[in-house]
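Let's take a walk through this protein together. Have a look at the fold as a whole before we turn to a few side chains.

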Amino acid sequence: DVAARSGSYSLGHSQAELDRLSVQARLIEPVTRRFFVDAGISPGMRVLDVGSGAGDVALLVRELVGPDGGVVGADRASTALVVARERARSMTNVTFLDGDPSEMSFPESFDAVVGRYVLMHQPDPVAVVRKLLAHLRPGGIVVFHEPYRAGIRSFPPLAAYDRGWELVDETFRRSGADPVMGIKLHATFVAAGLPPPSMRMESVIAGGASCSDVVHFEMDVVGTLVPEMERLGV
């Protein structure tokens, strides 16, 4: 991820983690799609996807911009980009580049800069957003989908589930990530020199026989983070 240089991206890019991300993408893609559409991502746009990983967000944006638009995804995780490039092998309007997009240069400006679960891993989100603005055309769109993990809970309370997400949050915090970055987007955008953003919160919620993916959405992160938990003494 773009955050790997700071050491705050603790999830890694193992095959198990890439598999987990596919479950995550299936659950939160409808939310991200609504955010991006409402923000104005539309056909014909040229979009920069920050911290592309395995390419889920870039491929979603490709659908929104259509054949006349284009998407450039950038990430420092070459392992994940191998997967992203394979997924986009037959697509002519999606490109994935190795590197930190906040430090890169591009031949053309973009109509929009987007990202999902990226700013939470930055030691200085304001500085990152400010640098990314250099790639944006005047009047362009900046839209980030970030988590607000303070709302995670089970009902009736399930001790193992609640202990699991508490461990994840503590590991994120100790590794330098911010599990409640979503609620800080307003302050971050304004401090970076942007107008006050419109904001909205959506939750993934389910119960009974339909909740398997939602349980895995959270609890698989616990498995991914066990080595980091041990390293940090969580």
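Helices (H or I, at least four residues) and strands (E, at least two) are DSSP runs, numbered from the N terminus. Counted this way, the protein has 7 helices and 5 strands, and along the sequence they follow the pattern α-β-α-β-α-β-β-α-β-α-α-α. The radius of gyration, taken over C-alpha atoms, is 17 Å, close to the 17 Å that the globule rule gives for 234 residues, so the protein is as compact as a globular protein of that length. That rule is 2.2 Å times the number of residues to the power 0.38.

A word on what you are viewing: this is a predicted model, in which local features need pLDDT of at least 70 and side-chain atom pairs count only at pLDDT 80 or more, while totals for chains, interfaces and linings use all residues. Residues are numbered from 1 along each chain as its sequence is written, and side-chain values use heavy atoms, with hydrogens and water left out. The pLDDT, the predictor's confidence in each residue from 0 to 100, averages 90 for the protein, and 91% of the residues score at least 70.

Now for the side chains.
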